[in-house]
Amino acid sequence: MHILVPQFIINKYSAGELSGEFQAVGMFVDISGFTAMTDGLMDHGQHGAEVLAEIMHKVFNPLVRCVYEQTGFLPTLAGDALTALFPFDSSFTDAHLRALAASWCIHQHMQVHKDYPTAYGTFKVSVKMGLSVGEVRWGIVTSADKSRATYYFQGSAIEGCTSAEKQAKAGEIVLDSGFTAQLGGSIKTASVGNYYSLLEVKASLPTSQDIEPYQHETEFITHFFPQVLSKQPYRGEFRQVVSMFISLPTVRTEEQLDIFMQSLFALQDQYGGLLNRLDFGDKGSHLLLFWGAPVTFENDIERALNFILDLQIQTSIPINAGI
């Protein structure tokens, strides 16, 4: 069983809770090297894909473990990046130190594991990170018949850590001013504009915690992703896919998003398409969909084009799309 949906979302969804907010430390980890690696391995067919999958597993698994061992969780995971959240209520220091411990764990690991030798050459991987503190708002959007669902996380904690990461160079951890102020003398930093580059950790960091087992509910998982994704064997494969990026520049409220998503869910029933990610925020909303994975049809291009043309007709909300 693959972890496709965060335990946080599964717990809320099973309890009938569809929205909420909390305070958290956000951490964004950008991983460099996969683009060159993919380009180099695509020429080697199926075995190249399997080698790529093996390296990605070796890279991501320790990084994800660093997060969960410090009681954080991953709301989103992209092909070459991950976002982690460390929620807190009144205990600021603990969450801040645990986020710091997770980032330092990742930093130390990647200092040692930079090179990944294969039969087709050695590939280099590096990371850079940003940390921020702020609020997180989350929501789950369901179809009218409750058979489909998607979720989102947004807020200053996520926006802040993404902005901080943009100030970092390879191998660096950059903190925003709010996060830095909370840690005080626990760290040594250097100014990077309005941000701070982490140079040294002076405080004793929290010890690792046992990772709670993933309590998956197959019934709920299939509302978010096709069942075939949950049960497919772990392997790599290169495929021709149709990817579609949809921008909703005017969508700012949950009500607007729900109206749009009802049209999208209905067209998925007709034309397929895997909804990979929903980003919903104060600056508009974005969606990423795929045709050709995990299931391929001969007419995937036709399906995707008819999907977006019908969506343009059926919704009153302005959309921009790239295919």
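Predicted model: local features only at pLDDT ≥ 70, side-chain atom pairs only at ≥ 80, totals over all residues.

**A Loop, Then Helices and Strands**

Author: T71 lies in the loop between helix 3 and strand 2. Helices (H or I, at least four residues) and strands (E, at least two) are DSSP runs, numbered from the N terminus.

Reader: What is the phi of T71 near?

Author: Phi of T71 is near 65 degrees, which is a positive value in a residue other than glycine.

Reader: At what angle do helix 2 and helix 3 cross?

Author: The axes of helix 2 (residues 34-41) and helix 3 (residues 45-68) cross at roughly 160 degrees and come within 9 Å. Axes are lines fitted to C-alpha atoms, for helices over the stretch in contact, and angles run from 0 to 180 degrees between N-to-C directions. Helix 2 and helix 3 are therefore roughly antiparallel to each other; angles under 35 degrees count as roughly parallel, over 145 as roughly antiparallel, 65 to 115 as roughly perpendicular and the rest as oblique.

Reader: Which residues meet there?

Author: From helix 2, F34, M37, T38 and L41 meet G45, G48, V51, L52, I55, M56, V59 and F60 in helix 3. Contact means heavy atoms within 4.5 Å. The residues of this contact of helix 2 with helix 3 comprise nine nonpolar, three polar and no charged. Here Ala, Val, Leu, Ile, Met, Phe, Trp, Tyr, Cys and Pro count as nonpolar, Asp, Glu, Lys and Arg as charged, and the others, Gly among them, as polar.

Reader: New topic: what is the strand order in the open sheet of four strands?

Author: The order is 12-13-11-14, with antiparallel pairing. Strand 12 (274-281) and strand 14 (320-322) are the edge strands, each pairing on one side only. Two strands pair if DSSP finds at least two bridges between them.

Reader: How many bridges hold strand 11 and strand 14?

Author: Strand 11 (residues 242-248) and strand 14 pair in the antiparallel sense over three bridges. S247 stands opposite N320 in strand 14.

Reader: Which strands do helix 9 and helix 10 lie across?

Author: Helix 9 lies across strand 11, strand 12 and strand 13 (284-291), and runs at about 170 degrees to strand 12. Helix 10 lies across strand 11, strand 13 and strand 14, at about 10 degrees to strand 11.

Reader: How far apart are the axes of helix 9 and helix 10?

Author: The axes of helix 9 (residues 254-271) and helix 10 (residues 300-314) are 10 Å apart, and the helices pack at an angle of about 150 degrees. That makes helix 9 roughly antiparallel to helix 10.

Reader: And where is P294?

Author: P294 lies in the loop between strand 13 and helix 10. A cis peptide bond joins A293 and P294, with omega about 0 degrees.

Reader: Finally, what joins strand 4 to strand 5?

Author: A hairpin joins strand 4 to strand 5 through two residues. Strand 4 (residues 115-118) and strand 5 (residues 121-124) pair in the antiparallel sense over four bridges, and the bridge partner of D115 in strand 5 is K124.

Notes. Residues numbered from 1 in each chain as written. Heavy atoms only, no water.
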